[in-house]
Amino acid sequence: MVEFILYLVIMLVVGYLVSRRTKSHADFLLGGKQLPGWALAFSERATGESAWLLLGYTGFVFATGLSGVWVAIGIATGIVFAWLFLAKRFMREAEVTGALTLPGYLAYRFGNHGKIILWLSSILIFSFMMFYFGAQIAGAGKTLFTVFNIPPVVGAVLSVVVVITLAFVGGFVTVVWTDMIQALMMLVTLVVLPIIALYHISAADLSISQALVSAGPSMDSWSGGAIGFSLGLLLFNNFAWFFGFLGGQPQLSARFMALRSKKEANEGSFVAITWTLLAYGGAFMIGLTALTLYQGQVFEDVEMILPFMILDLMPPWIAGILLAGILAAIISTADSQLLVITSSVSEDIIRHALNWNLTEKRLVLISRLTIIVAGIVGLIIALTSKSLVYLVVSWAWAGVGCTLSPAIILTFFWKRYSGIGVIATIISGFVSTVIWISTPLDAIATSRFTTFFIAAAFGILFSLLFPDKKKKGQQKDKSSTSLEVNTL
């Protein structure tokens with residue numbers, strides 16, 4: 001308990017100290033290009049991997065066995081692709097357009113339809129991101145209850161207070177530097193715990209392969225026991241997390257936009273990819289070793305397997321450090337999500353869509369007020385929703401990432417993509433996700449796959465039917481594929 005409280009105090013102190021660098025609205029939302037690439041990489045990974053990785057994914061592997069590896073492969077592939085092929089492009093486009101947000105970039109790029117794009121993308125982000133945020137707070141409440149027997153409501157409230165405070169005091173700069181510390185804590189938990197678990201397995205003369213066989217007929221199969229078309233669906237449904245990493249997650253793309261140079265982008269790529277391989281390898285092994293150590297035991301909530309292992313295998317002083325890693329994952333993602341919601345309100349809607357001419361000071365004030373309101377709404381969602389962390393994050397990943405990813409990929413690499421095409425992409429992605437997850441179809445083919453391809457198909461079709469009319473004398477930036485800068 002002392003270590004947990006100390007962790008929270010350190011985060012708040014670091015947040016306060018670095019917050020003094022934040023002076024303008026641009027600093028509050030994107031850091032003002034003053035952050036090193038390696039710090040942004042740690043922040044991007046801490047933001048991208050939340051309670052979902054430490055609680056949801058480890059529990060998923062515990063429940064499914066070897067076939068759970070395809071989720072890790074899909075995600076790792078998406079992260080590698082994003083850092084190697086999209087990060088520098090985001091950095092360059094942000095410099096050319098001056099955009100501070102992902103919707104803001106699309107609006108600048110397709111200026112004739114900019115306001116509609118801002119409204120639609122902001123509604124999309126707010127709708128799904130609030131549930132994503134609520135899932136983090138629910139995960140924090142569950143963890144604190146398991147570890148300290150703190151009532152989930154009290155744990156959720158405590159977590160929201162810390163998250164709101166970190167995002168409130170210094171915005172993007174505070175979040176990135178605290179994320180960096182939290183990313184390291186997450187990595188320690190995910191690397192150290194499976195090593196200790198393997199030691200206990202060896203000491204007890206247990207076998208992971210035999211435990212998998214005993215756990216069920218499909219647990220020891222990399223294909224989950226599926227064949228033919230069912231095998232294809234299983235592999236693709238798990239791998240489909242890949243599509244959400246193709247530029248469509250605004251909380252991740254913001255880190256790319258904040259990069260300062262190609263050199264720092266390369267440094268960030270190395271840090272992010274290395275972190276991903278270590279973290280996902282560790283999380284996968286935690287699921288397998290837990291299945292081996294606790295074979296035959298029944299867990300009411302498999303998403304609590306990681307904190308259970310920590311408390312079971314570690315002395316209290318080490319357990320406190322590793323358990324803080326779980327809260328680090330939750331807080332680092334939650335505060336970034338609050339900033340995304342905030343930027344949609346203050347930058348995309350108030351500043352550009354509504355054209356309110358406000359001072360920098362007032363815009364920062366609006367951002368901070370939005371953080372408080374969104375935090376309270378997220379808390380309400382966390383306290384009233386009974387959905388599992390894994391499922392809620394999966395739906396939000398489809399609704400936001402797999403809707404906006406086609407828009408980004410087509411904007412970057414297809415000259416004929418039009419403003420009407422962007423609008424069609426966003427609307428079709430939003431509607432198809434809601435419909436898909438509301439029916440049994442999602443259990444057959446995940447919305448992470450269907451949303452991406454439906455949104456891409458509508459974007460391409462409507463771009464061909466309603467191409468942008470090029471203005472006379474309009475110039476194109478030769479360094480960027482079909483980049484057309486239009487101020488709102």
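**Reading helix contacts and cavities**

Tutor: Gladly, and keep in mind that this is a predicted model. Let us begin with a pair of helices: H12 (residues 262-293) and H13 have axes that come within 11 Å and cross at roughly 60°. Angles of 65 to 115 degrees count as roughly perpendicular and those under 35 as roughly parallel, and so H12 is oblique to H13.

Student: What is the handedness of the crossing where H12 passes H13?

Tutor: That crossing is left-handed. On the H12 side the contact is made by Ile286, Thr289, Ala290 and Leu293, and on the H13 side by Ile305, Leu306, Met309 and Leu313. Sorted by class, this contact of H12 with H13 has seven nonpolar residues, one polar and no charged.

Student: How do I read the angle at which H13 and H14 pack?

Tutor: Think of the N-to-C directions of the two axes, with the angle running from 0 to 180 degrees. Helix H13 (residues 305-313) and helix H14 (residues 316-353) pack at about 170°, and their axes are 9 Å apart. An angle over 145 degrees counts as roughly antiparallel, so that is the relation of H13 and H14.

Student: Which residues of H13 and H14 meet?

Tutor: From H13 they are Leu306, Pro307, Ile310 and Leu311, which meet Ala319, Leu322, Leu323 and Ile326 in H14. By class, that contact has eight nonpolar residues, with no polar and no charged ones.

Student: At what angle do H14 and H15 cross?

Tutor: The axes of H14 and helix H15 (residues 360-384) cross at roughly 135° and come within 9 Å.

Student: Which residues of H14 and H15 meet, and how does the contact divide by class?

Tutor: H14 brings Leu338, Leu339, Ile341, Thr342, Val345, Ser346, Ile350 and Arg351, while H15 brings Glu360, Leu363, Ile366, Ser367, Thr370, Ile371, Ala374 and Gly375. The residues of this contact divide into nine nonpolar, five polar and two charged.

Student: Which helices supply the lining of the largest cavity?

Tutor: At least two residues each come from helix H2 (25-30), helix H6 (102-109), helix H11 (250-257) and H14. H14 gives the most, with six residues. By class, the lining of the largest cavity has twelve nonpolar, five polar and two charged residues.

Student: Can we finish with a single residue? Where is the place of Val14, and what does Val14 touch beyond its sequence neighbours?

Tutor: Val14 is in helix H1 (residues 2-19). Leaving out residues up to four places away in sequence, Val14 touches Thr178 and Ile181.

How values were computed:
Residues numbered from 1 in each chain as written. Predicted model: local features only at pLDDT ≥ 70, side-chain atom pairs only at ≥ 80, totals over all residues. Heavy atoms only, no water. Helix = DSSP H or I, 4+ residues; strand = E, 2+ residues; numbered from the N terminus. Contact = heavy atoms within 4.5 Å. Nonpolar A, V, L, I, M, F, W, Y, C, P; charged D, E, K, R; others polar. Left-handed = near helix turned anticlockwise from the far one by under 90°.
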